[in-house]
Number of protein chains: 2
Amino acid sequence: MIKIGLFGYGNLARGAECAIKQNPDMKLTCVFTRRDPSTVKTVFEDTPVYKTDEILQHKDEIDVLIMCGGSATDLPGQTPEMAKHFNIIDSFDTHKNIPQHFKNTDLAAKESGKVAIISVGWDPGMFSLNRLYAGCILRDGADYTFWGKGVSQGHSDAIRRIEGVVDARQYTIPVEEALDAVRSGKAPELSPRQKHTRECFVVAEEGADKARIEKEIVTMKNYFDEYDTTVHFISLEELMRDHAGIPHGGFVIRSGKTGKNLENTHIIEYSLKLDSNPEFTSSVLVAYARAAYRMNKEGMCGCKSVFDVPPAYLSDKTNEELISALL
Amino acid sequence: MIKIGLFGYGNLARGAECAIKQNPDMKLTCVFTRRDPSTVKTVFEDTPVYKTDEILQHKDEIDVLIMCGGSATDLPGQTPEMAKHFNIIDSFDTHKNIPQHFKNTDLAAKESGKVAIISVGWDPGMFSLNRLYAGCILRDGADYTFWGKGVSQGHSDAIRRIEGVVDARQYTIPVEEALDAVRSGKAPELSPRQKHTRECFVVAEEGADKARIEKEIVTMKNYFDEYDTTVHFISLEELMRDHAGIPHGGFVIRSGKTGKNLENTHIIEYSLKLDSNPEFTSSVLVAYARAAYRMNKEGMCGCKSVFDVPPAYLSDKTNEELISALL
């Protein structure tokens, strides 16, 4: 049994707690939280919860530690720190800072002789893998990534910061015509506005100036000004009833040309349609936890990305079983 | 520059000849044929062609040999034989014989210290990879592979063997309703008939009994009897004009459940839409040729499948470039 620990306990960790139960070769041995453990209600009653500062006392109970904090303030410090002691997996997704995060984590993991796989999930993660595979096969071509339909946490938060807003949910929606144009192999150039629309469901305070709120949303720099944005004002009851889920998904499409005169067109498309973004992401993290464990058992160490991991390492099946069942 | 040789010269090799030109770190140094080299017309005029039995005289000109023969009679002998001398890639696709082919090739490649990657292409190949990744992420779920719309060479050949048939083209077509049912997450059980239809374009000899030919097609065991099959009789001119291409493609879809009570559904879908089956397949072979070269340079040897190859090895970019551009 591979012993898994979870560092931090929010939506992602709750998803991982469930995912580990679906993997018969794994066992969740401990959850670490900054909060008072007695106040944390886990998905399954028998999950042990400890304070983060006690983690080194539980070293023998952990083969792989899954980092479940956020990319903004948690993971940049926590991942390299924990890689000094554990094989780790994280889902660091602040794209421009990944190279630095990789370096910091690599240094720590090489010193400890552990394996750290960073930026695991679906984007970065499975989408990145599909961009890599498709680009290596179709050398002359163009890549497109579309997100949605799904809830963007960052955009929902940005709306909540507007005066007079009680709560909000923002959906990112790919534009169907853009998807069709890409699938036709035309390799169009697409602006942000042509690729995605944004739909917002907003609960306003009683008596709030809805026209002002709507204007503040649709003109918000970096978040909404480059998109066609629709704003719906709804009641808190409606928000709770109709928008409680955290669905997401998206598309990675590459169109490319082959042949003597590049006369033939090919389309590679990968898509996800997810009822629960954190549960799917944590399912990816758990599969890569197995890979980290196996790679470390074989003597590997240092920081890795999904690009470095042989696919077979994600599976609990033998190579013979994989070849017979899936090749 | 990675020096590539091609063993056998048919549609697949012609595709590889084009694909190598699209990869600036590679060079096609020689093609080997059983025919008289002077009778072989290559895609590019300057491609050197030699007799297969002269191959060992060209050992220094080849870093990786791409096996371009067929799975029925060529590859079972040729791949292990050539793995005694070269890093090799093949596209062996007789599913039930892959384990034996793997063993034979592994023995040869371990003795020579070379890397052999077998069963590379899209199915087996990219489809296999997607079945593996999706199955490791969504543990509780169901897998579906659909092929088409595309030309099935085997089924076209089977029609050509019927008395009174001059030429024929058979398209395998996925049933749209089946695709939709799978995408809905319902995990239906589907019979061959429910998944695919077969459409045949047949050129009959003048005066041939078309009713008999049609009946022989639709009742043919293992090929057509389990499917809804449509037969169109057309002229040779129409066949040449409208059915000269070798398009193919397909879908790998997994639906799976996560959550405490498996209450959330997720769909992972990978699809290909290919103008030219052999050109796409050979583009995959060429990318894996780079991987074989790099893995062997690092001291690895033996037989591998796509499951064993870290994705980064397919690329000519450095890890730093991959992380910045694609992760």
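This briefing covers chain symmetry, salt bridges and a nonpolar surface patch. The structure is a predicted model. Chain A can be superposed on chain B with an RMSD of 0.0 Å, and the count of salt bridges over all chains comes to 33.

**Salt bridges within helices of chain A**
- In helix H3 (residues 98-112) of chain A, Asp106(A) and Lys110(A) lie four residues apart, about one turn of the helix. Their side chains form a salt bridge with an N to O distance of 2.9 Å. Asp106(A) counts as buried, at 17% relative accessibility.
- Helix H8 (residues 210-218) of chain A holds Arg212(A) and Glu216(A), also separated by about one helical turn. The closest N and O atoms of this salt bridge are 2.9 Å apart. Glu216(A) is partly exposed at 33% relative accessibility, as is Arg212(A) at 28%.

**Other salt bridges**
- Arg160(B) pairs with Asp167(B) in a salt bridge, with the closest N and O atoms 2.7 Å apart. Arg160(B) is partly exposed at 26% relative accessibility, whereas Asp167(B) is buried at 15%.
- In chain A, a network of salt bridges links Asp157(A), Arg160(A), Asp167(A) and Arg169(A).

**Nonpolar surface patch**
- Val166(A), Leu236(A) and Met240(A) make a nonpolar surface patch of about 250 Å².
- Val166(A) belongs to strand E9 (residues 165-174) of chain A and is partly exposed, at 43% relative accessibility.

Definitions and conventions. Residues are numbered from 1 along each chain as its sequence is written. Chains are lettered from A and ligands numbered from 1 in the order in which they are written. This is a predicted model: local features need pLDDT of at least 70, side-chain atom pairs count only at pLDDT 80 or more; totals for chains, interfaces and linings use all residues. Side-chain values use heavy atoms; hydrogens and water are left out. Patches are made of residues with over 30% relative accessible area and no salt bridge: like charges are joined within 9 Å, nonpolar side chains (Val, Leu, Ile, Met, Phe, Trp, Tyr) within 5 Å. Accessible areas come from the Shrake-Rupley method with a 1.4 Å probe; for residues, only the protein chains shown count as cover. A salt bridge is a side-chain nitrogen of Lys or Arg within 4 Å of a carboxyl oxygen of Asp or Glu. Helices (H or I, at least four residues) and strands (E, at least two) are DSSP runs, numbered from the N terminus. Buried means under 20% relative accessible area, exposed over 50%, partly exposed in between (1.4 Å probe, protein chains only). Copies are superposed by least squares on the C-alpha atoms of residues with pLDDT of at least 70 in both.
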